[in-house]
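Let's take a walk through a protein model, one piece at a time. Have the sequence and the 3D view ready.

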Amino acid sequence: MVKEIRNLKEAWSLHSPLTNMPYVECEEENYNDQIRLYADKTEAEAAGKELEAQGIRVTVREFKTVEIEVPAKADKPEGEKKKLYLNQVRQYLSTLPFIGINAVLYKPRGKASGSVELLELLPEGFEKKIMENALYQPNLQLTGLYLMQEARRKKEYVDRKQLQALDEEFSSNLVKSGLFLAVLPPEGQEKEEKIDLKQCQLPYLRHQNGDCFFPVFTDIWEFQKYSKGKKELRPIRMPFAQLTNFWVKDAKAYMINPMGYLIPITREMIPRILERFGVSKNPS
C-alpha cells in the first residue's frame, strides 16, 4: 500500500468547506490524525455522501499529475522554457505535516482501506523538521481544524460535550502560541531588516456584510496564503498574550487564518482566555 501511494499519478481526497482545509479525523486504533485518500473518484464521492448523512459537509478534491513550463535557466525567467511534470498527490501529502496530520487512510480501487503513517510516505525527518520549526504550529492548526469541523456541523448533529473539549484543547494551545501579523512597512523600508511597527500600516478584512476584521495567522504558511500577490507585506510574530496591543480601528474581532478555518476572537475574549489558562499577560 505504501508503494502504491508513492506511485499515484492521480487521487481524490475529502476536503472540508467548513474549514477550507482537508477533512481530518482521528483513527480509532492508534489515534493517528488522518485524512482520507482514494484511488477512485466514485468511491470518494460515495464516502462523502456517507459523511453528509452524519451532518458532516465535505467535498471531493482531485489531485493529478500536470505538465508545467518553467525557465530553463533560473537567471533568465523570460528566456527559454522547459517542461516538468508536477505530481499534485505528492505535493498534497507534503503539506499535511504543517497542519498536524500524521497518517493517510488510503482506499485502493475496489479494495479495503488501510491507514498508513506519513513518515512512511515522506522523506526521512520531514515531519520532525516542521515540528521543530518555530515558524509553524501544527498542533494549533490541528486542534483548530477539529474544533471548527464540529462547531460548523448542522446543529442537530453537534456533540456539545465534544465541542467543549475541542474548544478547551484549542484554547490551551492558543494561549501558548505566537501568532503572525501582516504589516505594511513605510514606503522605501519594505526590505529593511528592522522596522518601526509604529510607522507600519495594518491590513484589515471587510466582510460582505460590512463588518471589519483584523487578520492574524497561526504560522508562516497561512500568512503566505494571505500575502500571495502582496509582496510588500511583512510577517511579524507576536505572543498571543500581547495581541491586544495591536488593533485595527472599528474591527469587530481578530480573524485567525482568514484563508483557512476562519476563527473569530474578539479583543475582549483574550484577557478572559489568558486568565482561564493561567498565562501571563507579559511573557518573556
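This is a predicted model: local features need pLDDT of at least 70, side-chain atom pairs count only at pLDDT 80 or more; totals for chains, interfaces and linings use all residues.

Below we look at some strands, then a helix, then the nonpolar cores.

Start at strand 14, residues 253-256, which pairs with strand 12, residues 212-217. These two run in the parallel sense, with four bridges between them.

Look for Ile256 and its bridge partner Ile263. Six residues sit between the strands of this hairpin, and Asn257 there takes a positive phi near 55°.

## A helix with a buried face

Which residues of helix 3 are buried? In this helix, residues 88-95, they are Val89, Tyr92 and Leu93. Viewed down the axis of helix 3, they fall within an arc of 100°, so they line one face of the helix.

Now check the N-terminal end of helix 3, which is capped by Asn87. A side-chain oxygen of Asn87 lies 2.9 Å from the backbone nitrogen of Val89.

## Two nonpolar cores

The largest nonpolar core has 53 residues, and the ones touching the most other members are Leu37, Leu96, Val104 and Phe240. Helix 5 (residues 138-151) gives this core its largest share, six residues.

Zoom in on Val104: beyond its neighbours within four places in sequence, its contacts include Ile35, Leu37, Leu93, Leu96 and Leu121. There is also a second, separate core of 10 residues, with Ile130, Phe180, Tyr226 and Leu233 among them.

How values were computed: Residues are numbered from 1 along each chain as its sequence is written. Side-chain values use heavy atoms; hydrogens and water are left out. Two strands pair if DSSP finds at least two bridges between them. Buried means under 20% relative accessible area, exposed over 50%, partly exposed in between (1.4 Å probe, protein chains only). The arc is that of the directions from the helix axis to the C-beta atoms. A polar contact is a pair of N or O atoms within 3.5 Å; within protein, one must be able to donate a hydrogen and the other to accept it, and residues adjacent in sequence count only if both atoms are side-chain atoms. A nonpolar core is a set of buried Ala, Val, Leu, Ile, Met, Phe, Trp, Tyr and Cys residues joined through side-chain atoms within 4.5 Å. Contact means heavy atoms within 4.5 Å.
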